[in-house]
Amino acid sequence: MSSASPQTTAANQGVAAELPLDDPADLANVRRGRIAGLERLVVHHSVHGHAILDTEDWAFLDEDTAPSTVNPSLWRQARLNREHGLYELAPGLYQVRGYDISNISLVEGETGWIVIDPLTSSETARAAMDLVREHLGARPVTAVIYTHSHIDHFAGLAGVIDLEERAARDVPIVAPERFLVEAVSENVIAGPAMLRRAGYMYGNHLPTGPVGQVDCGLGRSVPAGSVSLVGPTHEITATGEELVLDGVRIVFQLTPDAEAPAEMMFHFPHLRALCAAENCTSVMHNLYTLRGAQVRDALAWSKYINEALHLFGDDSDLVFASHNWPRFGREEVRHYLRTQRDTYRYLHDQTMRLANRGLVMTEIAEELDLPASLAGEFGNRGYYGTVNHNAKAVYQRYLGWFDGNPANLHPLPPEQSAVRYVEYMGGADAVLERARKDFDAGDYRWVAQVVNHVVFAEPGNTAARELQAAALEQLGFQAESGPWRNFYLTGALELRRPQRTGPSGPGGRQAAALLQALTVDMVFDLLGVRLDGPAADGEEVAIGWRFPDIDQEWTLRLEHSALSSWPELDDDVAATLTMSRSTLTRVLADPTSIGAALEEGELTIDGDAGALGRLFALLEQPDPRFNIIEP
Ligand SMILES: [Zn+2]
């Protein structure tokens, strides 16, 4: 149907009535110091030529007032996020925003630019640097800082500086300790599952528009461009560490295991400016990211912000971050840091207070709301994370998936239980008849929950699929969170369209660039989760691996349906492979290239070549389009 129901319209009107949506403070902060920008920004893929970003796709956001199909609070956030251009935050400190989901920041050094976070793709980074060059003149890049280990903050480096030039000029790259291992490891073991779910979270397959993708909450959208990974030349290992880069003094604060496993904030004393990385971003961030990830530490996160307040709060007249917009003025900076600190602290403490009273995850999430003193400020609202799923994250971090009720210890899986639920409830038609009444009453959460059983019992039941899609759609239209909206609307899309959406986004293309940065041990771990364990039962084989270029030898052993690896060549290996580390990347990224690598002499096998074949035959390729909304 793709229009707002009366209940959805009323809910969204309620949001508009409750919130001071025309509060001009955020827009003033967004536009402050704007130097230049294009009327329409189009960025093309450097190899394939198609547009990876066209701001015209969000022209519908010209409307001041939200349509009934978009939560007005999310609409406001989307309008703030669609602003794009080059901004002067302070003399010598600039940002390009709206060219990517993340921001690129530049600090004027004595001879060139110190670049903070070179965006997600080289194409968007190059476009941002073109804008900088046009309006601020041509200056060399003299240093690069990665605030943290997420791909939208390092992968566009090649668009900021030619990678050979960087190496030749020895331009420093500064990052928090453990940056490289975290940059590649967070998405390795669960990579395919995360990628498929990320497509839902960022709305990559949705058309943009009032009934489609509007914003990601943290920024407009993720560009699917070219990525690279160059590790740091210097790692920050302690809070209080100082560096002088191109004549600019910087004081660092390490904040690991909060927003990212490796992250840091830092202060520029001469600018009286604090870079908050992704720890304070004018939204409530994710303690659990819906694409799937390890749960983050809300308590540590809150304490880091408190530490920043005490370390830098008195000496900061502005705070800027790697997403969204800055805050200006000493009092405003201090107030903002305090509310961000207390948002994460509140989520942590109140979730565990209720957990210790015996409430389970869903009950806590239902009961908790931010207090008015926090919820009343847009910068703490759930445009990206939400109170609901962040409370569940805190619970999960401490108590895990099991709620303690033995009835939930060993439930039937979705498909089996769905068949029986539907049968108990009198069959699909009876369920749908009642569910339609609940839909008409606007009870969409319940409809989605109950009709899901019908879809899982009878995936070919088009009436059930349509009703489920309609319920998810209304939930999406009401969602304040960008990722929630995207999840709901992508679910509706896949229910209505038999062709399932594949993964997209930078992940699909990041494989080779990131695989090359893995340690050999991590590569073998990756193979381990591809092993078809049941099929491997009874097989025993040990393969030796020699990598002369990195001077390493390994044994990879299969027994008891499990792989294990050890950095020595064992005596009993059936075959030994010799190759360079980059050939390993090549055959991993494309297993069919083994034959070619052998022919070209890049790979040699001594011993029983059939042993390798037996092992590889037991490795499965993950399904990049696995089912989500149906069995
Ligand atoms: Zn980010």
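Biologist: Which residue stands opposite Leu 318 in β16?
Modeller: That's Phe 328. Strand β15 (residues 318-320) pairs with β16 in the antiparallel sense, over two bridges. Strands here are DSSP runs of E of at least two residues, helices are runs of H or I of at least four, and numbering starts at the N terminus. Two strands count as paired if DSSP finds at least two bridges between them.

Biologist: Before we go on, what are we looking at?
Modeller: It's a predicted model, where local features need pLDDT of at least 70, side-chain atom pairs count only at pLDDT 80 or more, and totals for chains, interfaces and linings use all residues. Residues are numbered from 1 along each chain as its sequence is written, and side-chain values use heavy atoms, with hydrogens and water left out.

Biologist: What pLDDT does the chain average?
Modeller: The average is 95, and 98% of the residues score at least 70. pLDDT is the predictor's confidence in each residue, from 0 to 100.

Biologist: And where does it stay under 50?
Modeller: Over residues 504-509, for which the model has 17 contacts (heavy atoms within 4.5 Å) beyond four places in sequence. Where pLDDT is low, the predicted coordinates should not be read in detail.

Biologist: Back to β16. What is the strand order in its sheet?
Modeller: This open sheet of six strands runs β11-β12-β13-β14-β15-β16, with mixed pairing. β11 (242-245) and β16 (327-328) are the edges; each has a single partner strand, so one side of each lacks a neighbour in the sheet.

Biologist: Which helix packs on it?
Modeller: Helix α9 (residues 298-312), which touches β12 (248-254), β13 (264-268) and β14 (273-275). Its direction makes about 145° with that of β12. Axes are lines fitted to C-alpha atoms, for helices over the stretch in contact, and angles run from 0 to 180 degrees between N-to-C directions.

Biologist: What about the sheet of eight strands?
Modeller: That one is open too, with mixed pairing and the order β1-β4-β5-β6-β7-β8-β9-β10. Its edge strands, β1 (34-36) and β10 (234-236), each pair on one side only.

Biologist: In which sense do β7 and β8 pair?
Modeller: Strand β7 (residues 113-116) and strand β8 (residues 141-145) pair in the parallel sense over four bridges. Val 115 stands opposite Val 144 in β8.
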